[in-house]
Number of protein chains: 2
Amino acid sequence: MPPNPQWVKKLAPAAPNGGELLAKERAASNIDVDQLAEYMFTKEALDQRERILKVLAADPVFDKSQNYFQGRDARIKASLGKAKRLTQLAVQHKWSPEDHLCANELLTEATPYRLHDTMFLITLREQGTPEQQKLFLKKAENYEIIGCYAQTELGHGSNVRGLETTATWNQADKTFTIHSPTLTASKWWIGTLGKTANHAVVMAQLIRDMKTHEVLPDVHFGFNTMDNGFLLLNQLKIPHVNMLARFSRVDPETGKYQRPANPSLIYGTLTWVRSNIVLQSGSTLARGVTIATRYCAVRRQFQDLDAAKDAVGENQVLNYTMVQYRLLPLLAATYALHFTGQSMVRLYQENQKRMSAAADGQLDARRRPGPEELNPGTDLLADLHATSCALKAYGSTVAGEGLETCRRACGGHGYSSFSGIGSYYADYLPTLTWEGDNYMLTQQVCRYLLKSARAVISGKAGDNDTTRILKTYLDRRDTTGAAYDILASDSDLVAAYAWRVAHMTIEALQKRDVEKQSWNSLLVDFYRLSTAHAQYMVVKSFYDALFDKEQAQALENSLDRQSVAVLHKLFRLFALHTLVEREADEFFAAAATTARQISLARRAVMALLAEIRPHAVRLVDVWKFPDWQLDSSLGRFDGRVYEDMFHRASELNPLNDVVFDSNPNSKVLFRGRRGFRVSFEGRVC
Amino acid sequence: MPPNPQWVKKLAPAAPNGGELLAKERAASNIDVDQLAEYMFTKEALDQRERILKVLAADPVFDKSQNYFQGRDARIKASLGKAKRLTQLAVQHKWSPEDHLCANELLTEATPYRLHDTMFLITLREQGTPEQQKLFLKKAENYEIIGCYAQTELGHGSNVRGLETTATWNQADKTFTIHSPTLTASKWWIGTLGKTANHAVVMAQLIRDMKTHEVLPDVHFGFNTMDNGFLLLNQLKIPHVNMLARFSRVDPETGKYQRPANPSLIYGTLTWVRSNIVLQSGSTLARGVTIATRYCAVRRQFQDLDAAKDAVGENQVLNYTMVQYRLLPLLAATYALHFTGQSMVRLYQENQKRMSAAADGQLDARRRPGPEELNPGTDLLADLHATSCALKAYGSTVAGEGLETCRRACGGHGYSSFSGIGSYYADYLPTLTWEGDNYMLTQQVCRYLLKSARAVISGKAGDNDTTRILKTYLDRRDTTGAAYDILASDSDLVAAYAWRVAHMTIEALQKRDVEKQSWNSLLVDFYRLSTAHAQYMVVKSFYDALFDKEQAQALENSLDRQSVAVLHKLFRLFALHTLVEREADEFFAAAATTARQISLARRAVMALLAEIRPHAVRLVDVWKFPDWQLDSSLGRFDGRVYEDMFHRASELNPLNDVVFDSNPNSKVLFRGRRGFRVSFEGRVC
């Protein structure tokens with residue numbers, strides 16, 4: 001293709017252009033973007049992001065201009081270069097681990113070092129003995145060895161206890177033999193990491209002796225091995241010291257297996273990981289919402305059907321209520337998930353303090369239940385673990401599906417790579433499956449809720465939020481019933497969500513314990529119950545962020561009235577929209593609301609959309625995503641949507657240099673940039 | 001990577017393997033797959049598919065082994081080769097247009113010729129005068145000219161009337177000047193077609209005269225132009241004969257514009273296209289359901305929590321009710337959409353016969369409304385057009401979102417390219433936006449329903465299904481109310497769906513006509529109403545396919561009792577699951593059902609899942625997708641899931657030949673297969 005001629009370079013988009021439209025949007029709202037952003041993320045974090053961004057944006061290795069044109073092969077190779085440069089920059093600029101994390105987030109791609117930086121290092125730190133850390137950790141931190149985390153197998157994902165790879169203890173020479181007995185035992189999904197790593201943490205079934213073959217499930221295990229995309233092991237011998245042994249070990253003298261003293265400590269890491277997924281689900285979704293909201297303010301299409309006869313020009317797409325109904329509740333969800341994630345992280349930290357204070361070995365180590373079954377009602381970790389499961393499943397589902405909603409709200413251009421949503425969505429989606437499949441996790445939540453309900457009914461329950469809402473329900477169910485004024489009172493709105501959770505819990509308990517229905521037959525009920533629980537937690541966390549004594553005070557000290565008022569509207573939009581959109585009949589069936597209230601809630605949602613609409617662009621600006629990070633034509637801060645799309649298509653696209661021979665009977669397929677011709681079979685001719 | 005060593009080649013998946021599991025599945029059901037397939041698709045169509053498949057599978061140009069590894073650049077080039085070979089094969093084997101279509105479906109990729117074969121040829125045929133067809137059509141059919149269809153612009157998708165490209169009539173030399181006045185006027189999304197085409201049909205605003213600039217919207221326009229990925233035109237002159245003039249034209253002598261005599265004829269094509277989208281939505285979804293169902297029968301994970309203490313081995317994933325709840329209603333939807341699409345195509349053909357019989361020019365051509373506004377209640381086309389809009393929006397949404405549900409039901413491996421769902425899903429998704437954005441279309445549906453309701457209320461309505469259900473509702477609403485025995489009676493179940501549509505229509509009419517609410521404020525109501533209408537049509541079509549006199553007779557003549565009984569269960573599952581899953585509160589609010597019925601419907605759904613479960617694999621076999629078409633490790637007919645994944649990853653993956661240098665401080669980035677090294681900046685060193 002020849003370069004753009006002069007007359008094309010002179011063309012401008014139809015007026016008013018995107019810059020003018022976004023300026024008008026920002027002028028129409030008085031939300032103080034910087035103030036609200038600092039309240040949400042802290043000034044330190046925002047400054048850090050800017051500091052790191054400058055370094056990355058200035059380095060040609062991180063050039064993003066070809067990202068949307070490269071195939072998998074080229075991208076993986078480029079990504080290795082980026083990963084290497086990141087580690088060099090970290091040394092050069094003395095980055096903290098948090099700086100490094102921030103750089104990865106700005107880069108927004110899973111480089112080949114990612115699992116080394118996260119799972120491999122974390123596992124060595126948390127599960128290695130001091131001796132093992134000396135052997136492996138330092139070298140790993142200096143990238144002298146590069147590791148991956150080999151858990152999932154071709155035949156096993158969710159069910160870790162079903163892994164087929166074996167580790168057999170050989171008393172004679174005090175070694176382990178690691179073995180893949182089947183094809184389905186092949187370690188899988190180690191993916192691009194396999195290309196880069198020269199060490200691996202491998203999860204395997206520990207077999208005590210070749211003769212007895214007794215299987216001890218759920219043991220972590222580490223050793224050196226060859227690099228590979230997938231991993232099969234043929235009777236490989238490794239020394240005793242390579243089994244990570246901080247929590248459980250094989251006694252080298254007797255060959256006896258010693259179980260972990262406190263399994264809760266291991267579950268703590270998972271809870272931490274999931275709490276962060278909840279926090280990230282807010283910002284993940286916010287990227288899509290930022291792009292779609294800005295583009296829908298720039299894009300104009302059709303006139304309003306009721307527009308005056310002499311009306312000129314088309315309507316901004318964001319003015320259509322159907323677009324608002326799809327986007328603005330998601331905007332509210334970004335804030336809701338952010339506050340929820342923050343509250344989860346806070347709770348986790350409090351609990352870790354408590355746990356560290358308590359001595360090891362208090363819990364009955366002979367049982368192997370997850371913490372959601374341990375002492376329900378008294379153990380904060382049990383409550384936290386169940387909540388983290390519910391919120392991980394719910395938050396990542398909302399974010400994943402929400403991104404797709406954002407893409408569709410961008411109309412045809414949403415399908416363009418240049419939208420910046422498609423590839424990001426594809427990269428995020430596996431989050432719905434890993435760290436606990438979103439459907440599987442809901443069973444753990446319900447196991448905990450059922451245990452809590454049994455404890456409450458038998459009068460043996462401790463006092464926490466879950467037992468309180470169950471008690472309230474049981475006390476009132478057959479006496480006063482519920483009478484929640486969800487449209488006039490925010491706390492009643494939260495209480496209605498709580499009532500629904502309690503109602504569904506007691507119903508499930510009836511089916512399981514009284515009617516003796518099989519666990520399997522209740523999985524759909526459990527999924528709905530866990531979702532209801534998560535929704536309650538999010539609504540409650542958002543409510544607490546606004547009205548809880550301490551937090552309300554912080555809010556008042558930091559924000560002006562406008563911002564607080566808009567946050568309040570976002571809270572109500574999230575809570576009421578969630579109530580009416582899919583779950584209305586559950587609120588009705590639980591008698592948590594009347595049918596009339598549901599129909600009034602629908603009206604209230606439409607009114608809230610109109611009230612939030614003028615602030616939409618500023619509310620996404622608060623997330624402060626740099627254009628470099630979004631890498632989106634549609635989501636540009638300056639609104640130059642069409643100029644950017646045209647630039648990418650006409651000047652950055654490498655395919656422009658190829659000329660097709662479109663005659664079906666010609667032997668030539670296409671001509672390259674240097675005039676060579678390529679035949680049907682791919683030969684240059 | 002070295003080739004797989006002997007000990008790896010000998011490994012087999014853990015027992016029982018996929019082949020054994022699928023054989024057991026097929027043995028457990030007595031559905032006659034061939035018989036049911038022939039009833040659904042006809043023997044002729046199945047034979048045709050097999051005949052074409054043999055030709056394609058034997059030709060190395062159509063080799064699929066690298067599809068999941070190639071980048072966009074390589075795939076586009078390969079696709080051009082495939083397109084060319086297809087046209088050569090068509091000549092060689094004397095393929096009919098239907099054969100050609102079948103080949104494209106088996107190939108499952110949009111080759112660069114696709115829009116030439118479809119939109120370009122169709123437009124020339126339907127909108128060209130005999131003179132113009134002589135000039136362009138023959139050459140196009142012989143691929144002497146290759147065309148594209150340039151409608152969408154950078155700034156305009158849905159709103160065709162807002163297109164910015166202009167066509168100005170010059171009386172002096174009897175030519176048109178085609179011009180792009182802005183950057184947003186750039187023709188866009190002509191995509192890979194732009195690479196191949198040397199002709200284009202261009203949609204532009206007809207301007208009668210440079211002086212008056214009067215705009216006449218919605219005129220089709222054709223002319224020759226240069227090839228381009230996007231298209232901008234700088235005062236390009238073309239002769240008068242290049243404006244496609246079958247329906248509307250500019251008189252070359254007077255310069256006067258003559259409008260189309262009967263706009264319905266133009267809308268007929270759109271209705272045809274949408275009817276086919278409905279039909280295809282069934283088979284599209286069926287591909288995902290086939291893959292997921294087979295894989296979930298092969299994949300085993302966890303033991304049932306209530307399993308006997310001495311139970312051995314893990315449970316097939318398909319046995320979990322949560323998996324059944326996600327997959328089997330979609331399986332039912334594939335059949336429902338198929339029967340609905342067939343019935344739409346039948347109705348369309350009947351109507352075309354009627355239309356041809358009627359003379360042109362009967363309708364008032366001065367108005368420019370869509371047919372959904374023309375003579376509601378008497379015009380079959382109006383009803384058909386509204387229904388096709390509703391069903392296009394609903395069917396493609398169900399198929400698109402259903403594919404994603406299928407992918408997630410495959411757990412982690414669902415995200416692998418080898419699943420065969422991901423890229424297919426990505427290719428299908430734009431269907432939700434093109435040929436009428438699924439949200440936009442719902443407005444046309446509701447405009448028609450409101451018009452029909454007004455006609456019914458004023459006593460002037462003709463007799464068709466829509467007016468009948470409105471009359472029933474209005475007659476009974478304030479006298480007897482509804483009393484539908486949805487769990488005991490299939491016809492009552494259909495009637496409850498009809499009642500809900502009528503209730504929502506009358507509610508919307510009240511808001512619009514009595515309360516004078518703005519059109520914009522009702523868009524969310526309209527979306528829900530249109531969805532309700534589509535669901536009613538699908539439920540009714542499925543019901544008719546089973547119980548309508550003529551069709552029921554055909555069914556009885558062709559199928560054994562088993563198959564009819566299972567089809568009946570699929571009908572009930574589709575209707576009851578749709579009722580309880582998202583829309584329950586609408587049925588309740590419309591007083592179409594009681595709250596108790598909804599809770600009983602939930603139970604009925606669970607019971608139906610258990611009844612359909614044993615037939616699941618055979619029911620997807622009925623769709624008869626060849627493995628070559630699915631190109632999926634997970635969906636293989638023979639169940640060799642793990643062997644196939646391992647083969648693709650270890651033997652077909654070209655990245656295996658590249659070796660990374662993972663030391664972050666090394667200047668070398670990776671080593672190629674011939675031992676060369678590539679530096680950070682991409683230089684070979």
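Predicted model: local features only at pLDDT ≥ 70, side-chain atom pairs only at ≥ 80, totals over all residues.
**The interface between the chains**

The size of an interface is often given as the accessible area lost when the parts come together. Between chain A and chain B the buried area is about 10,500 Å², and carbon and sulfur atoms give 63% of that area. In terms of residues, 117 residues of chain A are in contact with 116 residues of chain B.

Side chains of opposite charge can pair when their charged atoms come close. Over all chains, a search of the whole structure finds 68 salt bridges, and the count between chain A and chain B is 8 salt bridges. A salt bridge joins the side chains of A:R602 and B:D585, with a distance of 2.4 Å from N to O. Within chain A, A:E404 forms a salt bridge with A:R407, and the closest N and O atoms of this pair are 3.2 Å apart. Because A:E404 and A:R407 are 3 residues apart in helix 12 of chain A, which covers residues 380-409, about one helical turn separates them.

**Packing of the helices**

Two packed helices are described by the angle between their axes and the distance between the axes.

| Helix pair | Angle between axes | Distance between axes |
|---|---|---|
| Helix 16 and helix 17 of chain A | roughly 155° | within 9 Å |
| Helix 17 and helix 18 of chain B | about 60° | 5 Å |
| Helix 17 and helix 19 of chain B | roughly 165° | within 10 Å |

In chain A, helix 16 spans residues 490-514 and helix 17 spans residues 523-547. Since angles over 145 degrees count as roughly antiparallel, helix 16 of chain A and helix 17 of chain A are therefore roughly antiparallel to each other. The crossing of helix 16 of chain A and helix 17 of chain A is left-handed. Among the residues of helix 16 of chain A that take part in the contact are A:V494, A:Y497, A:V501 and A:M504, while those of helix 17 of chain A include A:F526, A:L529, A:Y536 and A:V539. Sorted by class, the residues of the contact of helix 16 of chain A with helix 17 of chain A are 13 nonpolar, 4 polar and 6 charged.

In chain B, helix 17 (residues 523-547) packs with helix 18 (residues 549-558), and the angle between helix 17 of chain B and helix 18 of chain B is such that the two are therefore oblique to each other. Helix 17 of chain B contributes B:D544, B:A545, B:L546 and B:F547 to this contact, and helix 18 of chain B contributes B:K549, B:Q551, B:A552 and B:L555. The contact of helix 17 of chain B with helix 18 of chain B has 5 nonpolar, 1 polar and 2 charged residues.

Helix 17 of chain B also packs with helix 19 of chain B, which covers residues 561-581. Helix 17 of chain B and helix 19 of chain B are therefore roughly antiparallel to each other, and their crossing is left-handed. Residues in this contact include B:V538, B:F542 and B:L546 of helix 17 of chain B, together with B:L567, B:F571 and B:F574 of helix 19 of chain B. By class, the contact of helix 17 of chain B with helix 19 of chain B has 11 nonpolar, 3 polar and no charged residues.

**Backbone features in the loops**

Most residues other than glycine have a negative phi, and most peptide bonds are trans. In chain A, a cis peptide bond with omega of about -5° joins A:A15 and A:P16, and A:P16 is in the loop between helix 1 (6-9) and helix 2 (18-27) of chain A. In chain B, a cis peptide bond joins B:A15 and B:P16, with omega of about -5°, and B:P16 is placed in the loop between helix 1 (6-9) and helix 2 (18-27) of chain B. A:F302, a residue other than glycine, has a positive phi near 65°, and A:F302 lies in the loop between helix 10 (263-298) and helix 11 (321-357) of chain A.

Terms used:
Residues numbered from 1 in each chain as written. Chains lettered and ligands numbered in written order. Heavy atoms only, no water. Axes fitted to C-alpha atoms, helices over the stretch in contact; angles between N-to-C directions. Helix = DSSP H or I, 4+ residues; strand = E, 2+ residues; numbered from the N terminus. Parallel < 35°, antiparallel > 145°, perpendicular 65-115°, else oblique. Left-handed = near helix turned anticlockwise from the far one by under 90°. Contact = heavy atoms within 4.5 Å. Nonpolar A, V, L, I, M, F, W, Y, C, P; charged D, E, K, R; others polar. Buried area = accessible area lost by both parts, 1.4 Å probe. Salt bridge = Lys/Arg side-chain N within 4 Å of Asp/Glu carboxyl O.
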